[in-house]
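Please read the numbered points below with the model open beside you.

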Amino acid sequence: MSTKTPAPTSRPTAAELDLLQVLWRLGPADAKTVHEALLPDRPDATYATVLRQLQVMHGKGLLSRDESQRPQLYAPVHAQDKLQQSLMKDFIAKAFAGSGKALVLAALKSHVSAKERAEIRQLLARNTGDGTA
């Protein structure tokens with residue numbers, strides 16, 4: 001079996017991303033564990049809904065399922081950073097005409113605090129080596 005994870009082909013919905021966040025945090029887990037971990041953020045989520053969503057996500061290729069034990073364990077097929085990069089690439093292509101610079105500028109205008117701006121400047125200075133970020 002290859003250790004390289006293929007690029008995601010199916011795009012998760014917002015609800016599916018919630019479940020992926022739980023599984024990335026927990027590691028492989030059964031539906032009951034996922035449901036319990038999801039409740040603080042989504043108290044309206046029922047066990048049956050979570051189980052059905054995990055099954056759908058497995059069918060879409062977003063999750064693997066270990067059927068060798070009971071209860072079955074679900075795990076993300078794609079690493080968090082790989083899926084996020086793929087989603088970001090699509091988002092930049094669709095919303096910012098393929099320009100990463102446009103995305104960053106839009107984020108800097110309204111979604112970044114002064115403290116975060118300072119951290120970004122430091123990061124850029126370290127990566128460029130000239131200190132003029």
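**Notes on a predicted model**

1. The side chains of Asp90 and Arg11 meet in a salt bridge, with 2.5 Å from N to O; the term stands for a side-chain nitrogen of Lys or Arg within 4 Å of a carboxyl oxygen of Asp or Glu. This pair links distant parts of the chain, since Asp90 lies in helix H4 and Arg11 in the segment before H1, 79 residues apart. Helices here are DSSP runs of H or I with at least four residues, strands are runs of E with at least two, and both are numbered from the N terminus.

2. Before going further, please keep in mind that this is a predicted model, in which local features need pLDDT of at least 70 and side-chain atom pairs count only at pLDDT 80 or more, while totals for chains, interfaces and linings use all residues. Residues are numbered from 1 along each chain as its sequence is written, and side-chain values use heavy atoms, with hydrogens and water left out.

3. Arg42 is partly exposed at 23%, and Asp18 is partly exposed at 31%.

4. Arg65 and Glu67 form another salt bridge through their side chains, at 2.9 Å from N to O. Arg65 counts as partly exposed, with 26% relative accessibility, and Glu67 is likewise partly exposed, with 47%.

5. How do the axes of H1 and H2 cross? The axes of helix H1 (residues 14–26) and helix H2 (residues 31–38) come within 10 Å and cross at roughly 105°, where axes are lines fitted to C-alpha atoms over the stretch in contact and angles run from 0 to 180 degrees between N-to-C directions. H1 is therefore roughly perpendicular to H2, a label that covers 65 to 115 degrees. The contact, meaning heavy atoms within 4.5 Å, involves residues including Asp18, Leu19 and Val22 of H1 and Thr33, Val34 and Ala37 of H2.

6. Helix H4 (residues 80–95) has 16 residues and reaches 22 Å from its first C-alpha to its last, close to the 22 Å expected at 1.5 Å a residue; the expected span is 1.5 Å times one less than the number of residues. In H4, Leu83, Ser86 and Ile92 are buried, and what covers the buried residues of this helix includes H1 and helix H5 (100–110). Just after H4, Ala97 takes a positive phi of about 50°.

7. For the chain as a whole, there are 6 helices and 2 strands, and from the N terminus on the elements run α-α-α-β-β-α-α-α. Of its 133 residues, 26% count as buried. Among contacts with a separation of 6 or more, residues 24 or more positions apart account for 47%.

Notes
Parallel < 35°, antiparallel > 145°, perpendicular 65-115°, else oblique. Buried < 20%, exposed > 50% of the residue type's maximum accessible area, 1.4 Å probe, protein only.
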